Amino acid sequence: MELKGLFKYLYELLASTGLPQGWVDLIAMVALALVVFGFIALVVLYLVWWERKVSAHTQQRLGPMRTGWHGWYQTVADTIKLLQKEDIRPALVDRPVYFWSPVVIFVAAFMAYVVMPFGDGLIVADLNIGILYIVAITSFTIIGMLMAGWGSNNKYSLLGGMRSAAQVVSYEIPMVVSICSIVLFVGSLSMVDIVQSQAKIYQWFIFRLPFGPLAFIIYLIAGVAETNRTPFDLPEAEQELVSGFNTEYSGMKFSMFFLAEFINMFTVAAIAVTLFFGGWHGPVLPSWMWFIGKTLVLVFVIMWFRWTYPRLRVDHLMEFAWKFLIPVAFINLILAALMKYSGWFNW
Amino acid sequence: MSEPQGLHTKEFTLNVGPIHPSTHGVCRFVVKMEGEVITELTPVIGYLHRALEKICENRTYEQIIPVTDRFEYCTAMSCNMAFSLATEKLAGIEVPERAEYLRVIMLELNRIASHLIWFGTTALDLGALTPFLYGFREREDILDLFEMTCGQRLTFNYIRPGGVSKDIPPEFIPKCREFLDGFNTKIDDYEKVLTGNPIFITRNKNVGIMPPDVGIAYAVSGPALRASGVKHDLRRDDPYSIYDRFEFDLPTGETGDCYDRYLVRIQEMRESAKIVRQAIEQIPEGEIRGKFNKMNFKPPAGEVYSRIENSRGEMGIYIQAAEKQKKPLRVKMRGGSYNQLQVMPVICKGAKIADLVAIMASMDIIMPDVDR
């Protein structure tokens, strides 16, 4: 059940209508973007429900049970409710900044999916700078957070926004360095090339001891920190900062922040799968199923963190990034370089 | 390095509370900060003042018991107990043997329930959401036991002058035993989630250190004082009721930081379970209420102070009674939280603002106890 053939067939169908080539490509691009958008929206709706279920079962509760079988359309109901809510805007906000920040965060979260290899041949655009593009685009989120913090005209929001800025900037470094060690081996920044280099299970970077697993752990920690989730959810530490940068947001604007957080979580897991777990490779099942399956397992792990760990203190968080994670990431990079040079993994 | 002209950091005043997610009720702090470091902390109290002491002056002794329930509602049993003890001391009332055992069982179960609330909220304040639910799950079992006995789950009105209001039903003891059998493994589970967790340790170790002399100077009592290494517990040092008949340890800490206070309370839950177990093994048959004329009780004139150890330290009740009066002249309540709050400005100085939450959680301050 590979979807590659289906998309190819649809494309040829479109081409056979006799439209000029430029138009065909344009229509195909827009259609593909819509498909990806729809898919991600669907995944996120499902993830919100899943998070609630995971948290509930960790805490010996049942979670949503009333709306459908085990509450499966709870998020749909919640979204409809949020859409109907009055949009409350505090009097003294900086209007344009306040208005655009959820949009910036939401769009930045979606843009990463342009280069996400969902399966064999299922990629919107195989950019030759794929992973670099993702790293760059996901950093946009921080601009949105700063905008929200600044625009809300609220002490807590501002503190929350500032904390996020500091945190994301710090954790970007170990994340990029750990990605570098993979790129070093593959010799390409393209997401497809990275996946292709892990065709056999023993080639998965997670099994390339010792640098692979270490890079993965660094990546995962930094990734969780980037998505502002427990144990690194200081920007929204409710005990200190009420709700952080999104304190003053309600209704649909709030839900955009909320959904963007889940999209980012899925992105972090999807990149980890691409880099370390062989992307779409796997036996029997079609490639896209493997990709999504692996990603969901990692998403579960990230949720598991959240419902188990307490939160770090802000200065410990910085210490951890700068005094521990970054040196380890660099040592790991050197290790990877040495192994590459000595031809350790030349299968 | 000299500072550039015209540039200086300004002290920053932050108002925390009275409505804030982690102040355990309506506590308010006015915090002066230099960056994220606390330079001065002023607790502002009185948001939960209900004039309980004044209300007591207009009620008969039996009618005061439900008022004491509201004194410190996390451990309402101990408030009942403190007042009943004072009344008994005043009028020299004998309490039947079985009632004494029932009191001890209820007090210790209530201590566990209170510590479970502390456990849950401490974890919650540090950002771990799950232990809260775990704590409340076990507390639910204890509340079921209370409901089975006196029909109430929070304000019990159970321990009365001269004994207790109702006997336990026959299914109480097996149910209680079942709870105690499972409880130690449950505490092991809690410890697995928090005790060894590196994040939890860094958040708590060497944070909010209270030296023993500071604790004593501010009359801090209970687990918060024991965590500083002072082995002081009224159940052992000034035994009331029948506490001298039971075997139990007094867990103490060494440095008096938040982590020690955490460990002491966790151990205390185990010790309380031990006491309950001994009590349900030894409980005799018999009367549950001694001679006490609840409609027309008139104690002799005099004043009395009686104190017990509840989950937050020393809880004392002072009664002044006039000759041939059904109502007391003056009642004064003393709760442990008041002193714990009083010492906060001292131990918070130099801590980070995020530590304020951890310190307050570890002190286990509850506002009705402070404001009354």
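Modeller: Helices are DSSP runs of H or I with at least four residues, strands are DSSP runs of E with at least two, and both are numbered from the N terminus. This is a predicted model, in which local features need pLDDT of at least 70 and side-chain atom pairs count only at pLDDT 80 or more, while totals for chains, interfaces and linings use all residues. Residues are numbered from 1 along each chain as its sequence is written, and chains are lettered from A and ligands numbered from 1 in the order in which they are written.

Biologist: Where in α4(A) does the kink lie?

Modeller: The kink lies at S101(A), shortly before the proline P102(A), and amounts to about 30 degrees; the bend at a residue is the angle between axes fitted to the seven residues ending there and the seven starting there. Both S101(A) and P102(A) are among the buried residues of α4(A), which also include Y98(A), V104(A) and I105(A). The cover over the buried residues of this helix includes α5 (130-138), α6 (140-151) and α11 (251-276) of chain A.

Biologist: Why is L41(B) called buried?

Modeller: A residue is buried if 20 or more other C-beta atoms, placed from the backbone, lie within 10 Å of its own, exposed if 12 or fewer do, and partly exposed in between. L41(B) has 21 other C-beta atoms within 10 Å, and is therefore buried. This residue lies in strand β3 of chain B, and it touches F29(B), V31(B), M344(B), P345(B) and C348(B), leaving aside residues up to four places away in sequence; contact here asks for C-beta atoms within 7 Å.

Biologist: Why is one side of β1 and of β3 of chain B left without a neighbour in the sheet?

Modeller: The open sheet has 3 strands in the order β1-β2-β3 of chain B, paired antiparallel. β1 (12-16) and β3 (37-44) stand at its edges and each has a single partner strand, so one side of each has no neighbour in the sheet.

Biologist: What makes β1(B) and β2(B) a pair?

Modeller: Pairing asks for at least two DSSP bridges between two strands, and 5 bridges join β1(B) to β2(B), residues 28-34. V16(B) stands opposite F29(B) in β2(B). Elsewhere in chain B, 9 bridges join β6 (302-310) to β7 (313-321), again antiparallel, and these two strands form a hairpin with 2 residues between them.

Biologist: How many residues does each chain bring to the contact between A and B?

Modeller: Chain B brings 21 residues and chain A brings 22 residues. On the side of chain B, α4 (97-125), α5 (130-150), α7 (198-204) and α13 (353-363) each supply at least two residues, and α7(B) gives the most, with 4 residues. That side divides into 12 nonpolar, 5 polar and 4 charged residues, where Ala, Val, Leu, Ile, Met, Phe, Trp, Tyr, Cys and Pro count as nonpolar, Asp, Glu, Lys and Arg as charged, and the others, Gly among them, as polar.

How values were computed
Contact = placed C-beta atoms within 7 Å.
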